[in-house]
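Subject: The structure for you to look at

Hi,

Here is the structure I said I would pass on.

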Amino acid sequence: MPLYLSKFSYTPETWSRLISTPEDRRKAAQAYIESVGGKLHGFWYGFGAHDGYNLWEAPDNVSMAAVAVAISGGGALSSFETTVLLSVEETMEALQKARDIKYRPPGTE
């Protein structure tokens, strides 16, 4: 199954609610991805441009998109970005296929 890295940030209101009533949000994230047949591999908070990070496994892009849309539509986040992660083997396959693509930069004919 494909792996996905999500980066998210909470709204100030969500942080306020979590301060008032601390909650381990891993359980919620796990339930969301399991509802589409996937698995949560990790959940971390951090400093910087994003408040947290998730590593998910999902059956396909549509399933992961459904989880992302459901979470984003909930109103607790100010941002949610998901990146599809490629294995080294998938990247090697893409590199081999790229050799056969005859790319031409704009304005060079």
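This is a predicted model: local features need pLDDT of at least 70, side-chain atom pairs count only at pLDDT 80 or more; totals for chains, interfaces and linings use all residues.

**Salt bridges**

Let's stay with Lys97 for a moment. Its side chain forms a salt bridge with Glu93, and the closest N and O atoms are 3.8 Å apart. Both residues sit in helix α4, which covers residues 88–98, and because they are four residues apart there, about one helical turn separates them. Glu93 has a relative accessibility of 43%, so this residue counts as partly exposed.

Why would two such side chains meet at all? Side chains of opposite charge can pair when their charged atoms come close.

In total, the structure has four salt bridges. Another one of them joins the side chains of Arg25 and Glu23, with 2.8 Å from N to O. Arg25 is partly exposed at 24% relative accessibility, and Glu23 is also partly exposed, at 44%. Then there is the bridge between Arg26 and Asp24, where the N to O distance is 2.7 Å. Arg26 comes out as partly exposed with 44%, and Asp24 as partly exposed with 33%.

**Aromatic rings**

Next, have a look at the rings. The count of aromatic pairs comes to seven. One of these is the pair of Tyr10 and Trp15, which is edge-to-face: the centres are 5.0 Å apart and the planes make an angle of 85 degrees. You can check the label yourself: 85 degrees is over 60, so the pair is called edge-to-face.

Tyr10 is buried, because its relative accessibility is 9% and buried means under 20%. Trp15, on the other hand, is partly exposed at 35%. Both belong to a cluster linked by ring pairs, together with Phe8, Phe43 and Tyr45.

**A nonpolar patch**

Together with Ile19 and Tyr45, Trp15 makes a nonpolar surface patch of about 340 Å². Ile19 has its place in helix α1, residues 12–20, and is exposed, with a relative accessible area of 67%.

**The largest pocket**

Now for the empty space. Rolling a probe the size of a water molecule over the atoms shows where empty space is left. The largest pocket holds about 320 Å³ of space. How many residues line the largest pocket? There are 19, and those nearest its centre are Tyr10, Arg25, Ile71, Ala76 and Leu77.

At least two residues each come from β1 (3–10), α1, α2 (26–34), β3 (52–57), α3 (61–72) and β4 (77–85). Which element gives the most to the lining? That is α1, with three residues.

**Distances along the chain and in space**

- Asp51 and Ser79 are 28 residues apart along the chain, and their C-alpha atoms are separated by 9.4 Å. Asp51 lies in the loop between β2 (39–45) and β3, and at 18% relative accessibility Asp51 counts as buried.
- Ala31 and Ala98 are 67 residues apart along the chain, with 38 Å between their C-alpha atoms. Ala31 is in helix α2 and is partly exposed at 42%.
- Pro105 and Trp15 are 90 residues apart in sequence and 47 Å apart in space, from C-alpha to C-alpha. Pro105 lies in the segment after α4 and is partly exposed, with a relative accessible area of 37%.

Happy exploring!

Key
Residues are numbered from 1 along each chain as its sequence is written. Side-chain values use heavy atoms; hydrogens and water are left out. Patches are made of residues with over 30% relative accessible area and no salt bridge: like charges are joined within 9 Å, nonpolar side chains (Val, Leu, Ile, Met, Phe, Trp, Tyr) within 5 Å. Accessible areas come from the Shrake-Rupley method with a 1.4 Å probe; for residues, only the protein chains shown count as cover. Buried means under 20% relative accessible area, exposed over 50%, partly exposed in between (1.4 Å probe, protein chains only). Rings of Phe, Tyr and Trp (its six-membered ring) pair if their centres lie within 6.5 Å; planes under 30 degrees apart count as stacked, over 60 as edge-to-face and the rest as tilted. On a 1 Å grid over the protein atoms alone, a cavity is a set of points where a 1.4 Å probe fits but cannot get out, and a pocket is an open set with protein on both sides within 12 Å along at least five of seven lines; lining residues have an atom within 4 Å of a point. Grid points are joined across faces, edges and corners, and a volume is the space filled by probe spheres set on the points.
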